[in-house]
Amino acid sequence: MKNIKIAVYYFAQHVKNMLMYKSDFWFILISDAIWGVAGIIMMLGIFSHIPDFKGYTFNEIIFIYGFSMMSLGIYYTFFKNIDELTTKYLYGGELDRLLVRPINPYFQVLLDKFYLDKVADLVAGFIIILVISPKVGVSWTIPNIFFFVILVIGGSMVYLGLFTLFNCVGFWATDNQGNLGPLKSLRIFSKYPTTIYNKLIKVMITWILPYAFTSFYPATYFLKDKRLGNFGLLTIVIGITHVGLGYFIWHFGLKRYNSVGN
C-alpha cells in the first residue's frame, strides 16, 4: 500500500507539471494520434485488397494491430522512463540521487517520469479494438473483458522486462546506445501474424525476444484461432517472467555500479 500511495503521488505531481505546458502536451498528443492513424492507413493500403493473409483476414490483422498499440501504449505511458537508465541515470549520474532515498531505486526510475502524451497510443488502440471487434466475432463478455485486461497488461510487462534487460547492459558496457536500437526495432514484427515469417524470425520473436506476446498471441485468444488455442494465455506468464528476470539483472548490475565522479 505504501508503494501504491507513492506511485499515485508521483503520478499526480507529474500531471501537474504536464498541465503547466498545456499547448506542448496537446500538440504531442495529437501528433501521436495522427501517427497512429497513419499506421492504420498504411496497413489499409497494404492489406485491404488481400482477402486472406496466411489464414488471417484484414479485420483480424487490424485487431492484432490495435492490441499492439494498447500494450505498447501502457508501456510508453507508465514505464518508458526505464529507457533513460543508461544515458540519464548511469552516465549522467542521476542514479546517485535515487540511491540515497529510502525507496527501491528501480521503482523510483519507473516513477521519475511518466509520458502522458503517449496515452494517445493506448486510446487509439482501444478505439480500434472496439470498432473492429464485431467484425471479427469478438463479444465482450465478463470473462473476455477480464482476460483482455490481464493480457494487455501482460503484453506491457513483456516490453518492460525486455527493455529493462536491454538497458541494464549499461551497467557493464561503456556505450550501450548503439545496441538498443536494433533490439527495440524488432518489435515491429509483433504487429503482424507470426505465420508470415520464416522459422528463424518466428522463434526469435516468440522465445528469445518474445515481442509476439505483446500483441499477436494474446490477440489470437480472442480471435479463437484453433491452430493456437489458448496459447495466448501464456502472455501473463511471459510478462511476469521477463519483469522478474529484468529486475534480477538490475539488482545484479546495481552491485557493481560506481558513482559518477572525477
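Visitor: Which residues is Thr235 in contact with, leaving aside its neighbours within four places in sequence?

Guide: Thr235 touches Leu151, Gly154, Gly155, Val158, Phe213 and Pro218, once neighbours within four places in sequence are set aside. Keep in mind that this is a predicted model. Thr235 sits in helix H12.

Visitor: Is Thr235 buried or exposed?

Guide: Look at the relative accessible area. Buried means under 20%. Thr235 has 0%, so Thr235 is buried.

Visitor: What share of the residues of the protein count as buried?

Guide: The protein has 262 residues, and 47% of them count as buried.

Visitor: How many helices and strands are there?

Guide: The protein has 12 helices and zero strands. Along the sequence, the pattern reads α-α-α-α-α-α-α-α-α-α-α-α.

Visitor: How do I describe two packed helices?

Guide: Two packed helices are described by the angle between their axes and the distance between the axes. Now take H3, residues 58-79, and H8, residues 142-168. Their axes come within 8 Å and cross at roughly 55°. That angle makes H3 oblique to H8. The crossing of H3 past H8 is right-handed.

Visitor: Which residues make the contact of H3 and H8?

Guide: From H3 come Phe67, Ser68, Met70, Ser71, Leu72, Ile74, Tyr75 and Phe79. From H8 come Phe148, Leu151, Val152, Gly155, Ser156, Tyr159, Leu160 and Phe163. Sort the residues of this contact by kind: 12 are nonpolar, four are polar and none is charged.

Visitor: At what angle do H3 and H11 pack?

Guide: H3 and H11 pack at about 130°, and their axes are 9 Å apart. The two helices are therefore oblique to each other. Their crossing is right-handed. H3 brings Glu60, Phe63, Ile64 and Phe67 to the contact, while H11 brings Phe216, Pro218, Ala219, Phe222 and Leu223. The residues of this contact divide into eight nonpolar, no polar and one charged.

Visitor: How many aromatic pairs does the structure hold?

Guide: There are 30 aromatic pairs. To read a pair, check the ring centres and the planes. Planes over 60 degrees apart count as edge-to-face. Trp207 and Phe231 have ring centres 6.0 Å apart and planes at 80°, so this pair is edge-to-face.

Visitor: Where do Trp207 and Phe231 lie?

Guide: Trp207 is in helix H10, residues 199-208. Phe231 is in the loop between helix H11 (216-223) and helix H12 (235-254). The pair therefore ties together parts 24 residues apart in sequence. Trp207 counts as exposed at 51% relative accessibility. Phe231 is partly exposed, at 23%.

Visitor: How far apart are the ring centres of Tyr221 and Phe222?

Guide: Those centres are 5.1 Å apart, and the planes stand at 85°, so this pair is edge-to-face. Both residues are buried.

Visitor: Which residues form one aromatic cluster?

Guide: Phe67, Trp140, Phe146, Phe147, Phe148, Tyr221 and Phe222 form one cluster.

Visitor: How far apart are Ile62 and Ile128, in sequence and in space?

Guide: In sequence, Ile62 and Ile128 are 66 residues apart. In space, they are 7.6 Å apart, C-alpha to C-alpha. Ile62 is in helix H3. Ile62 counts as buried, at 7% relative accessibility.

Visitor: What share of contacts join residues at least 24 apart?

Guide: Count contacts between residues at least 6 apart in sequence; 79% of these join residues at least 24 apart.

Methods. Residues numbered from 1 in each chain as written. Predicted model: local features only at pLDDT ≥ 70, side-chain atom pairs only at ≥ 80, totals over all residues. Heavy atoms only, no water. Axes fitted to C-alpha atoms, helices over the stretch in contact; angles between N-to-C directions. Helix = DSSP H or I, 4+ residues; strand = E, 2+ residues; numbered from the N terminus. Parallel < 35°, antiparallel > 145°, perpendicular 65-115°, else oblique. Left-handed = near helix turned anticlockwise from the far one by under 90°. Contact = heavy atoms within 4.5 Å. Nonpolar A, V, L, I, M, F, W, Y, C, P; charged D, E, K, R; others polar. Phe/Tyr/Trp six-rings, centres within 6.5 Å; stacked < 30°, edge-to-face > 60°. Buried < 20%, exposed > 50% of the residue type's maximum accessible area, 1.4 Å probe, protein only.
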